Amino acid sequence: MKLLSAIFREETSEYTYSFSKMSFLRVLVALVVSGAVIWLLALAFDRFMITPVFCSNADNISICANSTSIASYISLILVGVMLVPLLAVFGIKRPLLVVLAATASLWGVTLWANSPWVMSLIWVVLATVLVYLALIWLNRIRGNWAAILFVTLFAILARVVLSL
């Protein structure tokens, strides 16, 4: 319990912004829902929009072959756009920086989840939650340049790790 009280201390620090337990829980619920929405939107865009429109003739074979990745990219961007104001409402500092770094880190996350749909959904939600929470935690730094530096380094490292 001492660790949790040290992590979620309410008093202000000279170097970081405070992050309450209630804010953490609200962000956690929003991120779980957004991870599921990313997976569902990617599936819906692939099956109901991209494949029927572009795979009906042989002229668009490259789009048809990459329909899963295109749908994944579109859904990741749409959910990221919706998360910026939501994170701002929850009191997260620099929400656009967090969403841009998370989008770069999670680029193509639904592609490596080619298992049965339940496992795929779990992997996408888990990756989304972990990446966003790590970036929100790094973004608590008060200095703008330090936050940008650490968030950028995390995004680069996450791209390397998630691409393995």
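How many residues does α6 have, and how far does α6 reach from its first C-alpha to its last? I started my notes there. The model is predicted. I counted 22 residues in α6. I read a reach of 32 Å from the first C-alpha to the last, close to the 32 Å expected at 1.5 Å a residue.

**Entry: overall fold**

I stepped back to the whole protein chain. I found 7 helices and 0 strands. Along the sequence I wrote the pattern down as α-α-α-α-α-α-α. Next I looked up burial. Of the 164 residues in the protein chain, 35% are buried. I then took the contacts between residues at least 6 apart in sequence. Of these, 69% join residues at least 24 apart.

**Entry: confidence**

I checked pLDDT before going further. The average for the protein chain is 83. I noted that 85% of the residues score at least 70. Where is confidence lowest, and where is it highest? It is lowest in helix α1, residues 2–7, with a mean of 60. It is highest in helix α5, residues 95–105, at 93.

**Entry: back to α6**

I listed the buried residues of α6. They are Ser-120, Val-124, Val-125, Ala-127, Thr-128, Val-129, Val-131, Tyr-132, Leu-133, Leu-135 and Ile-136. Which helices do they pack against? I found α2 (21–54), α4 (67–89), α5 and α7 (144–162).

Trp-117, Val-118, Met-119, Ile-122, Trp-123, Leu-126 and Leu-130 make a nonpolar patch of about 710 Å². I picked out Val-118 from this patch. Val-118 is found in helix α6, which I have as residues 117–138.

An α-helix has 3.6 residues a turn, so residues three or four places apart point the same way.

**Entry: α5**

I looked up the buried residues of α5 next. They are Pro-95, Val-98, Val-99, Ala-101, Ala-102, Thr-103 and Ser-105. Their cover includes α4, α6 and α7.

**Entry: Arg-94**

I stopped at Arg-94 in the loop between α4 and α5. Its phi is positive, about 50°, although Arg-94 is not a glycine. Is Arg-94 buried or exposed? I have Arg-94 as buried, because its relative accessibility is 18% and the cut-off for buried is under 20%.

I took Arg-47 first. Arg-47 lies in helix α2. I marked Arg-47 as exposed, because its relative accessible area is 55% and exposed means over 50%. I then checked Arg-47 against Thr-68, 21 residues away along the chain. Their C-alpha atoms are separated by 8.7 Å.

I moved to Phe-24. Phe-24 also has its place in helix α2. With a relative accessible area of 23%, Phe-24 is partly exposed. How far apart are the C-alpha atoms of Phe-24 and Phe-90? I read 9.0 Å, for two residues 66 apart along the chain.

Methods. Residues numbered from 1 in each chain as written. Predicted model: local features only at pLDDT ≥ 70, side-chain atom pairs only at ≥ 80, totals over all residues. Heavy atoms only, no water. Helix = DSSP H or I, 4+ residues; strand = E, 2+ residues; numbered from the N terminus. Buried < 20%, exposed > 50% of the residue type's maximum accessible area, 1.4 Å probe, protein only. Contact = heavy atoms within 4.5 Å. Patch = residues over 30% accessible without salt bridge, like charges linked within 9 Å, V, L, I, M, F, W, Y side chains within 5 Å. Areas by Shrake-Rupley, 256 points an atom, 1.4 Å probe, with all protein chains shown as cover. Salt bridge = Lys/Arg side-chain N within 4 Å of Asp/Glu carboxyl O. pLDDT = per-residue confidence, 0-100. Expected span 1.5 Å × (residues − 1).
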